[in-house]
Amino acid sequence: MNLFSRLKRIGAGNKSSVTLPVTVPVPSHNENEEDTPEIYKVIGEDKLPANRNNREASTADMVKEEKFVPDGADEEMLGSGGGDEKLAERRDEVKFIKGDHQNGDAKIDIGNLNGAKPEFTGMSKEELLKYANDPFWVRLRWIFFLGFWAIWVAMLVGAILIIIGAPKCAAPQPLPWYKRGPHAKFGLVGTAKTEDVSLAKKLSATGAIYELPALLTYEVKKADVEAQIKHLVDLYQSSEVKVILDITPNFVGEDSQLVKDALDNAEKRSALIWVNGTGQGVPNTWLKVGGSTTAWGDLKGNFVLSQFEPGTYDLKMSSKIVRHELSSALQHLIGLGVQGFRLKNTKFFLINDNLDDETISPLPKDNNLMDYTFYTHTQTTFQPGLGDLLYDYLGVVKNASSEAFLSVAEDIVRPDAYELSQAGGALGIDLPMYGQFMKSVGASQQKRNLVEELQQTFVATRNVSWLQWNFGDIYVDTPTHPSALALFMSLLPGVPIVPVDSIAYTNVTQETYSQIKELRLSASYMHGELQIFESKKLIAFSRIKSGNPGYFVIFNPTDLLQNSTFSADHKLPDKMTVSYFSENYNDKNNNGTHVAHSAKVNINELQIPAHSAIVLTYVPVKSE
């Protein structure tokens with residue numbers, strides 16, 4: 001029986017297809033060559049002849065008699081081994097697919113050729129449908145379906161919770177009350193009266209400054225002194241104004257308990273600058289401050305330093321006894337309701353313990369050896385360790401009340417002397433007072449370069465200090481309108497100190513100070529950067545914090561109208577909005593540009609009247 005007959009019989013049982021290993025002779029049909037001999041091809045080991053192009057072939061044309069005797073070509077193609085051995089080793093598949101039932105043709109599907117790895121074809125639709133309703137797969141599909149949506153919903157809920165629970169951007173912290181200011185300055189504690197509260201409110205003040213008499217500094221626990229202070233605190237109890245005291249802690253009267261203790265007990269004499277005996281004469285050439293007599297007083301046959309008022313004696317501020325007494329006094333005052341202190345005479349707090357003679361000044365004002373200005377006073381002022389000493393007292397105040405502050409009542413003159421020894425230039429006090437800029441800007445005649453002086457003021461205090469601006473330094477005969485000075489100075493970093501008897505108070509309206517209060521509460525003022533500008537005769541500065549409108553303040557200290565030309569050279573926007581201006585800005589006598597609140601102006605076309613100031617708001621120019 002030939003191969004074809006066998007295949008036909010086998011395929012009869014399966015109408016669709018049959019698969020078996022087989023070797024078939026493939027005739028060569030080359031149209032260009034006649035009588036090309038037939039050769040055997042192992043199906044799956046090589047391709048069909050090129051002229052067949054793998055088209056469907058009739059089994060009748062492809063299959064020869066089973067007993068066909070090969071001519072040796074099959075052994076040559078199969079290798080040295082026998083054909084049966086090769087067929088046994090190779091199980092190439094040929095799939096016969098029933099084709100046209102009329103002529104008996106069948107399609108041949110050749111399996112993996114040359115031993116190639118079978119390709120993954122996946123399951124057919126019919127095969128998949130067999131498992132569609134299988135309980136295991138139905139349950140698995142539901143698990144994945146529900147799991148997907150559960151995870152999705154959980155992620156959505158989690159995202160919402162993260163958004164809700166995320167910490168919001170913290171709003172800029174307001175300045176402490178003593179930095180917000182301004183502070184109204186009054187007289188002695190004993191002169192306080194009810195009307196003072198109204199005067200402080202005119203300034204929108206946050207603090208009211210009174211002076212405690214020097215000889216009462218260490219007497220605050222006495223009933224009469226304590227009653228005065230309580231009365232003062234009670235005056236401002238219903239307002240937001242806090243009480244600040246100016247105190248003089250570096251000397252006491254001869255009736256002080258500290259002096260009495262020193263006379264009675266030698267161990268207590270460390271509180272004073274004490275030199276036993278007077279037989280050798282005065283210890284050195286030190287003179288009374290501002291005077292021409294010796295600074296040494298005679299106390300029961302001993303020399304005790306007395307640089308200030310007659311009948312008073314200097315304290316050694318670094319001694320344990322004085323530290324304890326002053327700390328106790330500060331704590332007691334805070335307990336009574338006082339929230340701020342300004343110390344006087346701080347540069348005299350420490351002296352040279354060696355008591356060396358003073359050196360002569362290189363530029364004495366007078367050649368009189370007994371004149372205070374003839375000496376440099378390097379032995380009695382600005383001694384090393386002053387900043388650390390003051391910082392210790394600052395710590396006492398902060399520990400008693402976190403809202404309280406400790407500062408100075410006078411120009412510190414030498415900021416370096418007030419620096420802490422191990423804090424990178426930080427000062428040992430709050431709110432230093434430094435420089436002559438306030439006097440220069442409020443002088444009768446402008447003789448200094450205000451821009452340079454202002455810059456030097458901030459450089460000397462390392463650009464980190466919130467300064468006190470003493471409006472009491474403004475000259476009474478200044479040509480500048482006080483409201484212009486108030487606007488300009490109040491928007492610089494620092495706090496205005498406004499004596500209620502100064503022209504900065506009496507000649508400025510409450511509306512101006514109310515506007516100053518609003519400007520000082522803005523983020524750009526409280527936390528913004530300062531940049532100083534100069535254009536011809538004008539001086540200006542900006543205050544800007546990222547994300548907030550900036551302030552641009554222009555001041556004309558001259559007697560003439562001045563044109564503003566800032567934007568071209570300083571990358572400022574041309575257009576700005578008028579926020580506020582000095583009370584003399586739109587006077588009829590001024591020929592400058594008359595402006596209105598909230599009006600848009602071109603600062604290149606703006607003309608600033610003499611001795612006036614204007615405050616503008618702007619959005620910064622974005623740098624490319």
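Residues are classed by relative accessible area: buried is under 20%, exposed over 50%, and partly exposed in between, with a 1.4 Å probe and protein chains only. The model is predicted, so local features need pLDDT of at least 70, side-chain atom pairs count only at pLDDT 80 or more, and totals for chains, interfaces and linings use all residues. Numbering starts from 1 along each chain as its sequence is written, and side-chain values use heavy atoms, with hydrogens and water left out.

Arg448 counts as exposed, at 52% relative accessibility. Arg448 sits in the loop between helix 13 (437–441) and helix 14 (450–460). Helices (H or I, at least four residues) and strands (E, at least two) are DSSP runs, numbered from the N terminus. The side chains of Arg448 and Glu453 are joined by a polar contact of 3.2 Å. A polar contact is a pair of N or O atoms within 3.5 Å; within protein, one must be able to donate a hydrogen and the other to accept it, and residues adjacent in sequence count only if both atoms are side-chain atoms. Beyond four places in sequence, Arg448 is in contact with Gln436, Ser440 and Glu453. Contact here means heavy atoms within 4.5 Å. The C-alpha atoms of Arg448 and Phe437 are 9.5 Å apart, with 11 residues of separation along the chain.

Thr478 occupies the loop between strand 16 (467–470) and helix 15 (482–490). Thr478 is buried, with a relative accessible area of 10%. A polar atom of the Thr478 side chain lies 3.3 Å from the backbone oxygen of Ala443. Residues up to four places away in sequence aside, Thr478 touches Gly442, Ala443, Ser444, Leu485 and Ile503.

Strand 11 (residues 296–299) and strand 12 run antiparallel and are joined by 4 bridges. Two strands pair if DSSP finds at least two bridges between them. The hairpin of these strands has 2 residues between them, and Lys300 takes a positive phi near 55°. Asn302 belongs to strand 12 (residues 302–305), where Asn302 is the bridge partner of Leu299. Asn302 counts as buried, at 12% relative accessibility. The Asn302 side chain reaches the backbone oxygen of Lys300 at 3.2 Å. A polar atom of that side chain also lies 3.0 Å from the backbone nitrogen of Gly277. Not counting residues up to four places away in sequence, Asn302 touches Trp274, Val275, Asn276, Gly277, Thr278 and Gly297.

Gln607 is found in strand 24 (residues 607–608). At 26% relative accessibility, Gln607 is partly exposed. The side chains of Gln607 and Asn563 make a polar contact at 3.1 Å. Gln607 and Leu561 are 46 residues apart along the chain, and their C-alpha atoms are separated by 6.6 Å.

The peptide bond from Gly181 to Pro182 is cis, with omega near -5°. Pro182 lies in the loop between helix 7 (177–180) and strand 6 (183–188). Ser204 is not a glycine, yet has a positive phi of about 55°. Ser204 is placed in the loop between helix 8 (195–202) and strand 7 (207–211), and is buried at a relative accessible area of 15%. Ser598, also a residue other than glycine, has a positive phi near 70°. The loop between strand 22 (575–581) and strand 23 (600–602) holds Ser598. Ser598 counts as exposed, at 58% relative accessibility.
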